[in-house]
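Try each task before reading its solution.

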Amino acid sequence: MNNSYEQSNKTHRNIYISLLVAQGVIIGILERMIPFPFAFAPGAKLGLANLITIVAIFTLSFRDVITLTWLRLILTALLGGTLSTFLYSFGGAFLSLFSMMLVKQLGPKRVSLIGISATGGVMHNVGQLLVASLIAQTWTVMLYLPVLSIIGLAAGGALGIAANYLFTHVTILKYLRFNHEKARKE
């Protein structure tokens with residue numbers, strides 16, 4: 001009986017991760033089709049697929065979030081990316097993820113979901129610029145950071161507001177977040 005329950009629970013978790021990965025890939029592909037209106041920041045994107053990462057951070061274990069991020073990056077690259085877009089995405093996604101997980105450890109009394117998301121938005125840009133600096137073999141690329149930081153704060157804040165809305169109004173996400181927080185305290 002217990003083994004059956006564990007297997008069922010693992011299957012549900014894997015299905016949930018797969019659904020989040022699929023949503024992240026689709027959002028990422030759709031976002032590539034949106035022209036960015038700001039000529040002063042070429043290549044900058046809103047990072048809409050990071051909404052999935054934020055949801056995952058609050059509903060899955062750290063290991064599962066890493067798995068989800070890897071799968072999302074690999075599938076998005078395979079479905080229309082290049083090696084360079086994969087490298088930029090990798091640098092941004094993982095620095096963003098680790099930063100958000102670190103800031104989340106401060107607790108909800110010190111930092112909100114919106115603050116965590118804004119941190120992710122800025123650090124995603126830092127990660128991408130670090131990769132660009134390594135590829136270009138110069139640190140002058142980092143001069144682009146102030147512009148990208150403002151865009152990252154705004155986009156991250158907006159995604160945080162969207163995530164707050166989802167956790168407030170989508171019953172299953174509210175339930176998953178509650179169970180995740182309860183499991184962490186035990």
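Predicted model: local features only at pLDDT ≥ 70, side-chain atom pairs only at ≥ 80, totals over all residues.

Numbering runs from 1 along each chain as its sequence is written, and side-chain values use heavy atoms, without hydrogens and water.

**Exercise 1.** Find the residues with the most contacts inside the largest nonpolar core.

*Solution.* Start with the term: such a core joins buried (under 20% relative accessible area, 1.4 Å probe, protein chains only) Ala, Val, Leu, Ile, Met, Phe, Trp, Tyr and Cys residues through side-chain atoms within 4.5 Å. The largest one has 32 residues, and Leu20, Ile54, Ile57, Phe58, Leu60, Leu68 and Leu97 have the most contacts inside it. Next, look at the helices (DSSP runs of H or I, at least four residues, numbered from the N terminus): H4 gives the most to this core, with seven residues.

**Exercise 2.** Compare the reach of helix H5 with its expected span.

*Solution.* Take 1.5 Å times one less than the number of residues. H5 (residues 113-136) has 24 residues, and its 34 Å from first C-alpha to last is close to the expected 34 Å.

**Exercise 3.** Locate Leu79 and decide whether it is buried or exposed.

*Solution.* Leu79 lies in the loop between H3 and helix H4 (83-104). Its relative accessible area is 52%, and exposed means over 50%, so Leu79 is exposed.

Note on methods. Helix = DSSP H or I, 4+ residues; strand = E, 2+ residues; numbered from the N terminus.
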